[in-house]
Amino acid sequence: VRVVQSGGGFVQPGGPLRLSCAASGSILRIATIQWYQQRPGKERELVGTWTNGAMTRILDAFTGRFTISADDARRTSYLHIDNLRPEDTATYLCKGIIAATDSEAIEYWGQGTQVTVSS
């Protein structure tokens with residue numbers, strides 16, 4: 001099982017951004033995908049969680065401009081950020097709790113993607 005992130009880079013303030021987190025391999029079921037934000041010099045913070053068959057939850061600190069969606073058939077989750085601000089500059093990581101066909105569900109981390117918001 002692999003989890004690969006895409007999207008990000010240098011973006012201008014005010015715009016939208018979509019980051020992707022795609023799982024591949026011998027997957028039986030994706031239980032959850034979580035998105036984290038790690039700003040320079042700060043602790044990694046949980047942005048929110050997509051749970052298969054349940055509501056997506058965004059933590060209070062990120063409510064409003066951050067949303068999470070997922071396409072279970074494509075085994076991909078998306079982090080959407082609206083009205084980008086310079087303080088959104090961070091590395092964004094995703095983590096899947098995934099059951100492979102030959103093992104119980106365990107954590108798989110994406111490689112992280114850097115987002116730099118600057119004019």
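The following dialogue concerns a predicted model of a protein.

Biologist: Why is the set of 27 residues called a nonpolar core?

Modeller: The term requires buried residues of kinds such as Trp, Leu and Tyr, joined through side-chain atoms within 4.5 Å. The largest such set here has 27 residues, and Trp-35, Leu-79 and Tyr-92 have the most contacts inside it. Seven strands, β3, β4, β5, β7, β8, β9 and β11, each supply at least two residues of this core. The most comes from β9, with five residues.

Biologist: Which residues does Tyr-92 touch, beyond those up to four places away in sequence?

Modeller: Among them are Gln-5, Leu-19, Leu-79, Ile-81 and Val-115.

Biologist: Why are β3 and β8 said to pair?

Modeller: Pairing requires at least two bridges, and β3 and β8 have six, so they count as paired, in the antiparallel sense. One of the bridges joins Leu-17 to Ile-81 in β8.

Biologist: What makes β1 and β3 a pair as well?

Modeller: Five bridges link β1 (residues 2-6) with β3, again antiparallel, and the requirement is at least two, so these strands also pair. Here Gln-5 stands opposite Cys-21 in β3.

Key
Residues are numbered from 1 along each chain as its sequence is written. This is a predicted model: local features need pLDDT of at least 70, side-chain atom pairs count only at pLDDT 80 or more; totals for chains, interfaces and linings use all residues. Side-chain values use heavy atoms; hydrogens and water are left out. Buried means under 20% relative accessible area, exposed over 50%, partly exposed in between (1.4 Å probe, protein chains only). Helices (H or I, at least four residues) and strands (E, at least two) are DSSP runs, numbered from the N terminus. Contact means heavy atoms within 4.5 Å.
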